Amino acid sequence: VQLQASGGGLVQAGGSLRPSCAASGSIFSINVMGWCRQAPGKQREAVASITSGGYTNYVDSVKGRFTISRDNAKNTVYLQMNSLEPEDTAVYYCAAGRNVITRPGYVDYWGKGTQVTVSS
């Protein structure tokens, strides 16, 4: 499985970004797609994930601000990030696997990261 992410960038606090991630290869092995992030000096954490059936989960710090969605026909997942805060600054990694991604240990496949920087 290959995961190709795009859509990171630099934005001011309060702004929005919408990174996306497309999966290819042995996609039949994927039930869940999502995102993890790693800020400088911090451990990687799960941010959001969505199953093929549409079940979603989010880390508490992004609830109400981020929305994850998925286009199964395109094997693509999107992360709509609104009301961005400087604390959201991190490298965001697309992730996929068999189980709901509540922590990085549940990820089977990783994409390359995309940098999200939120200025104050």
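**Close-up views of a predicted model**

**View 1. The largest nonpolar core.** In this predicted model, the largest nonpolar core comprises 27 residues, and Trp35, Leu79 and Tyr92 have the most contacts inside it. Two or more residues each are given to this core by strand 1 (2-6), strand 3 (20-24), strand 4, strand 5, strand 7 (66-71), strand 8 (76-81), strand 9 and strand 10 (109-119). Strand 9 supplies the largest share, 4 residues. Apart from this core lies another, of 6 residues, including Cys36, Ala46, Ala95 and Ile101. In soluble globular proteins, nonpolar side chains tend to be buried together.

**View 2. The surroundings of Tyr92.** Not counting residues up to four places away in sequence, Tyr92 touches Trp35, Cys36, Arg37, Val47, Phe66, Leu79, Met81, Lys112, Gly113, Thr114 and Val116. Two of these residues, Trp35 and Leu79, are named together with Tyr92 as having the most contacts inside the largest nonpolar core.

View 3. Six strands form an open sheet of mixed pairing, in the order 2-10-9-4-5-6. Strand 2 (9-12) and strand 6 (56-58) are the edge strands, each pairing on one side only. From one strand to the next, the twist averages 25°. Strand 4 (residues 32-38) is mostly covered, with 6 of its 7 residues buried.

**View 4. The two partners of strand 4.** Strand 4 pairs with strand 5 (residues 45-51) in the antiparallel sense over 6 bridges. These two strands form a hairpin with 6 residues between them, and Gly41 in the turn has a positive phi of about 75°. Strand 4 also runs antiparallel to strand 9 (residues 90-97), to which 7 bridges join it. Met33 stands opposite Ile50 in strand 5, and the bridge partner of Met33 in strand 9 is Ala96. For Cys36, the bridge partner in strand 9 is Tyr93. In a regular strand the side chains alternate between the two faces of the sheet.

**View 5. The aromatic pair of Tyr93 and Trp110.** A search of the whole structure finds 1 aromatic pair. It is formed by Tyr93 and Trp110 in an edge-to-face arrangement, with 6.2 Å centre to centre and 85° between the planes. Because Tyr93 lies in strand 9 and Trp110 in strand 10, the pair ties together parts that are 17 residues apart in sequence. Tyr93 is buried, with a relative accessible area of 17%, whereas Trp110 is partly exposed, with a relative accessible area of 34%.

**View 6. Arginine side chains over tyrosine rings.** Arg44 lies over the face of Tyr93, at 3.7 Å from the ring centre. Tyr93 is also a member of the aromatic pair with Trp110. Arg18 lies over the face of Tyr78, at 4.3 Å from the ring centre.

**View 7. Thr76 in strand 8.** Thr76 is found in strand 8. With a relative accessibility of 8%, Thr76 counts as buried, because the limit for this class is under 20%. Leaving aside neighbours within four places in sequence, Thr76 is in contact with Ser20, Cys21, Ala22, Ser69, Arg70 and Asp71. Thr76 and Ala23 are 53 residues apart in sequence, yet 6.2 Å apart in space, C-alpha to C-alpha.

Terms used. Residues numbered from 1 in each chain as written. Predicted model: local features only at pLDDT ≥ 70, side-chain atom pairs only at ≥ 80, totals over all residues. Heavy atoms only, no water. Buried < 20%, exposed > 50% of the residue type's maximum accessible area, 1.4 Å probe, protein only. Pairing = 2+ DSSP bridges. Axes fitted to C-alpha atoms, helices over the stretch in contact; angles between N-to-C directions. Core = buried A, V, L, I, M, F, W, Y, C linked by side-chain atoms within 4.5 Å. Contact = heavy atoms within 4.5 Å. Phe/Tyr/Trp six-rings, centres within 6.5 Å; stacked < 30°, edge-to-face > 60°. Lys NZ or Arg CZ within 6 Å of the ring centre and 35° of its normal.
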